[in-house]
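This report is meant for a reader who is meeting the structure for the first time.

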Amino acid sequence: MVSSTKETGTPRRLLVTGGAGFIGSNFVHYWCDRYPEDRVVVLDALTYAGNRANLAALENRENFQFVSGNICDRALIDRLLATENIDTVAHFAAESHVDRSILTPDAFVQTNVVGTFTLLEAFRQRWESVLKPSNESHALFLHVSTDEVYGSLSATDPAFTETTSYTPNSPYSASKAGSDHLVRAYHHTYGVPTIITNCSNNYGPYQFPEKLIPLMCINMLLGKPLPVYGDGQNVRDWLYVVDHCTALDVVIHQSQPGETYNVGGNNEVKNIDLVQMLCQLMDELAPQLPVHPANKLITFVKDRPGHDRRYAIDATKIKTQLGWTPSVTVEQGLRKTVEWYLDRRDWWKPLLSEEYQNYYRQNYDI
Ligand code: NAD
Ligand code: TYD
């Protein structure tokens, strides 16, 4: 893989939105380690899901800057693009949790649709006035999206490809679909150099404990019930977050503008089987926990409204065009992840705030 500096002799200057969240912070760590000459500016509103502590190890680096702010703030974005001379936007900022989108959809439309539009408009103007006239070869707006825009599959349907029609079913996936359409239109209409990636369920370090895997790990550590929605037979494809970062790396360095790529982990698992795997790992790695075996805590709860049955990614395009494949199996990735949550009580304990408890009570009806 070529380094961004070697490519043209000049470092990239990235604006990473949502860089204090789960995938964004993993990406920022990955990028700063791999491409230390590149400048990385993180813009993050530090919502409940954003955590500056995720970036603590980078705060004193010369080529790193954290900016607290909202992607809907056009004046701030214009200023950052200009003063930091940004050529690459890596756009992760979003409201990202399906259950919250069912309870409070407003923020999803605001951040995911209006926020993406605001960023796109600012980047379009910068591209037209500065990047394009100067033949800036790094110029890129990378939009990180989800496989959920494609809707739900039956057990026998073929996996999603880049040409599968959009059929979003939740306010979250509908708002991400809206943002994808805007990004696509900005390339088609204005020629803005954009790329869209649609990935499957990520997991790994720094994931907020509302999502399935960290929620199960933390509830096991606290001896709390493990809430499995419906019959537990829903299927997700699981992508280790560092594999996602390597996929974004090849996309940024090798893809043509206007492309879209599906990114998957090649790991389709039923929810109940995944939870059982997590329980077995926890039994092995933390045998001293009060509830043993941990699967005694599994509790089937009321299903999520509109719950998509199955997601599956066909990642042939990124494999054949860009040579990317995931390197971590679900067994390896889950082990690393359980170890991380066991080690990092200091990270997750402060997140179980009053806001989190309120959300938990509302969502799980307890
Ligand atoms: P996350 O919820 O962990 O982090 C989102 C980050 O965005 C937070 O740091 C938050 O503070 C910030 N943010 C939210 N609203 C903002 C705003 N208006 N302005 C600036 N910052 C704001 O999300 P994640 O899991 O890291 O997901 C990152 C991206 O990847 C999202 O676009 C999501 O749709 C997409 N995605 C996630 C997954 C997954 O499994 N987590 C799967 C597919 C796609
Ligand atoms: P989640 O991590 O919320 O990701 P997404 O809904 O974006 O796929 O959920 C993954 C799967 O796990 C999904 O089918 C819903 C299910 N789930 C539960 O069964 N219980 C839970 O408490 C949570 C959060 C999710």
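## Helices α7 and α9

Helix α7, which covers residues 212-222, packs with α9 at an angle of about 40 degrees, and their axes are 10 Å apart. Here axes are lines fitted to C-alpha atoms, for helices over the stretch in contact, and angles run from 0 to 180 degrees between N-to-C directions. The two helices α7 and α9 are therefore oblique to each other, given that angles under 35 degrees count as roughly parallel, over 145 as roughly antiparallel, 65 to 115 as roughly perpendicular and the rest as oblique.

On the α7 side the meeting residues are L212, I213, M216, C217, M220 and L221, and on the α9 side they are N271, L274, V275, L278, C279 and M282. Contact means heavy atoms within 4.5 Å, and helices (H or I, at least four residues) and strands (E, at least two) are DSSP runs, numbered from the N terminus.

## How the model is described

This is a predicted model, in which local features need pLDDT of at least 70 and side-chain atom pairs count only at pLDDT 80 or more, whereas totals for chains, interfaces and linings use all residues. Residues are numbered from 1 along each chain as its sequence is written, chains are lettered from A and ligands numbered from 1 in the order in which they are written, and side-chain values use heavy atoms, with hydrogens and water left out.

## Nonpolar cores

The largest nonpolar core has 80 residues, of which V16, F27, V28, V40, F64, L278 and I318 touch the most other members. A second, separate core of 24 residues includes I86, A93, W127 and V192. Such a core is a set of buried Ala, Val, Leu, Ile, Met, Phe, Trp, Tyr and Cys residues joined through side-chain atoms within 4.5 Å, where buried means under 20% relative accessible area, exposed over 50% and partly exposed in between (1.4 Å probe, protein chains only). In soluble globular proteins, nonpolar side chains tend to be buried together.

Which residues does L278 touch, not counting those up to four places away in sequence? They are I213, M216, C217, M220, L334 and V338.

Helix α6 runs over residues 171-190 and reaches 28 Å from its first C-alpha to its last, close to the 28 Å expected at 1.5 Å a residue; the expected span is 1.5 Å times one less than the number of residues. Its buried residues, including Y172, S175, K176, D180 and Y186, pack against α4, α5, β5 and β6. After α6 comes G191, with a positive phi near 75 degrees.

The axes of α5 and α6 come within 8 Å and cross at roughly 15 degrees. That makes α5 roughly parallel to α6, and the crossing is right-handed. Among the α5 residues that meet α6 are F108, V109, R124 and W127, while those in α6 include L182, V183 and Y190.

## Backbone features in loops

Most residues other than glycine have a negative phi, and most peptide bonds are trans. H292 and P293, however, are joined by a cis peptide bond with omega about -5 degrees, and P293 is found in the loop between α9 and β12.

L46, in the loop between β2 and β3, has a positive phi near 50 degrees and is partly exposed, with a relative accessible area of 31%. N266, in the loop between β10 and β11, has a positive phi of about 60 degrees and is exposed, at 71% relative accessible area.

T197 lies in strand β6 and is buried, with a relative accessible area of 0%. Leaving out residues up to four places away in sequence, T197 touches L142, H143, V144, S145, T146, L248, V251, Y261 and V263.

E136 lies in the loop between α5 and β5 and counts as partly exposed at 27% relative accessibility. Its C-alpha is separated by 7.5 Å from that of D87, 49 residues apart along the chain, and E136 is in contact with D87 and L131, its neighbours within four places left aside.

Methods
A crossing is left-handed if the near helix is turned anticlockwise from the far one by less than a right angle, and right-handed if clockwise.
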